[in-house]
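Biologist: Can you take me through this model in plain terms? I have the sequence and the 3D view open.

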Amino acid sequence: MRYFLLLITTVLLHASAYPNFTYKEAISIEESSGKEAVNRIFEYNEIINSDKKETSLKQLKKINTYLNKLTYKSDKSNNNKRDHWATPKEFLISGNGDCEDYAILKYYTLIKLGFDPKKLFITIVYHPASKSHHMVLSYFIKDGEAPLILDNSNPKILNLTQRNDLKINAFLNTSGVYRFNKKSELTKTKESSKKLKSLLKRVQIES
């Protein structure tokens, strides 16, 4: 057991950017959530380390495909809460979550890989066909152009112009809440949101 944890730590200690895990955390996680949870964290860090030399597009595809393999589980059945935004650490430890948890974990993972945080947005969307709300991650390659969409319910990374099934409600990141106009320009509408503020506080505690 100790040898196993020391082996895990070799990788964890080199993953300094959030979400990162210390040796002490690895021991605690193994005791509370089992070996499978620690293995999942170890695998996550291996994927991140192997992705650092890839092109941006390859990184996007690899991360989207890998993280989409985590088990989907609704907030009601997972936390008995209507709308809980899990931190990346919570999601990685449990191994299951719903749409916002995938979007949040992808957001922090891409920042960890060196993507510009100003181009990444946790995005609240609406499915007119199913009359339901959903969350995805948007990545703006260039200003004035529609973003790429990373979606846990769609394996393909498509431009927003190709996602006729989605209606954008809001783009969120640490700089504020934004709307999208017909010229593909972002307009700031709020400094933040209650849900995002709560998430950022919990992430800060974990960092």
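**Sheet, core and rings**

Modeller: Leaving aside neighbours within four places in sequence, Leu-110 is in contact with Leu-60, Ile-63, Phe-115, Leu-120, Leu-137 and Leu-150, where contact means heavy atoms within 4.5 Å. This is a predicted model, in which local features need pLDDT of at least 70 and side-chain atom pairs count only at pLDDT 80 or more, while totals for chains, interfaces and linings use all residues. Residues are numbered from 1 along each chain as its sequence is written, and side-chain values use heavy atoms, with hydrogens and water left out.

Biologist: How many residues has the largest nonpolar core, and which have the most contacts inside it?

Modeller: The largest nonpolar core has 41 residues, and Leu-60 and Leu-110 have the most contacts inside it. Helix H7 (residues 99-112) gives the largest share of this core, eight residues. A nonpolar core is a set of buried Ala, Val, Leu, Ile, Met, Phe, Trp, Tyr and Cys residues joined through side-chain atoms within 4.5 Å. Buried means under 20% relative accessible area, exposed over 50%, and partly exposed in between (1.4 Å probe, protein chains only). Helices (H or I, at least four residues) and strands (E, at least two) are DSSP runs, numbered from the N terminus.

Biologist: Now the sheet. What is the order of its strands?

Modeller: The order is S6-S5-S4-S3-S7-S8-S9, an open sheet of seven strands with antiparallel pairing. Two strands pair if DSSP finds at least two bridges between them. S6 and strand S9 (186-190) each have a single partner strand, so one side of each is left without a neighbour in the sheet.

Biologist: And S4, how does it pair with S3?

Modeller: Strand S3 (residues 120-127) pairs with S4 in the antiparallel sense, over eight bridges.

Biologist: Why is S4 largely enclosed by the rest of the structure?

Modeller: S4 (residues 132-139) has six of its eight residues buried, so the rest of the structure largely encloses it.

Biologist: Is Lys-156 buried or exposed?

Modeller: Lys-156 is exposed, with a relative accessible area of 57%. Its place is in strand S6 (residues 154-159). Lys-156 and Lys-61 are 95 residues apart in sequence, and 8.1 Å apart in space, C-alpha to C-alpha.

Biologist: Switching to rings, how many aromatic pairs are there?

Modeller: The whole structure has ten aromatic pairs. Rings of Phe, Tyr and Trp (its six-membered ring) pair if their centres lie within 6.5 Å; planes under 30 degrees apart count as stacked, over 60 as edge-to-face and the rest as tilted. For Tyr-107 and Tyr-108, the ring centres are 5.1 Å apart and the planes are at 90°, so this pair is edge-to-face.

Biologist: What about Phe-121 and Phe-140?

Modeller: Their ring centres are 5.5 Å apart and their planes are at 80°, so that pair is edge-to-face. Phe-121 is in strand S3 and Phe-140 is in the loop between S4 and S5, 19 residues apart. Both Phe-121 and Phe-140 are buried.

Biologist: Which aromatic cluster do they belong to?

Modeller: Phe-121 and Phe-140 form one aromatic cluster with Phe-171, Tyr-178 and Phe-180.
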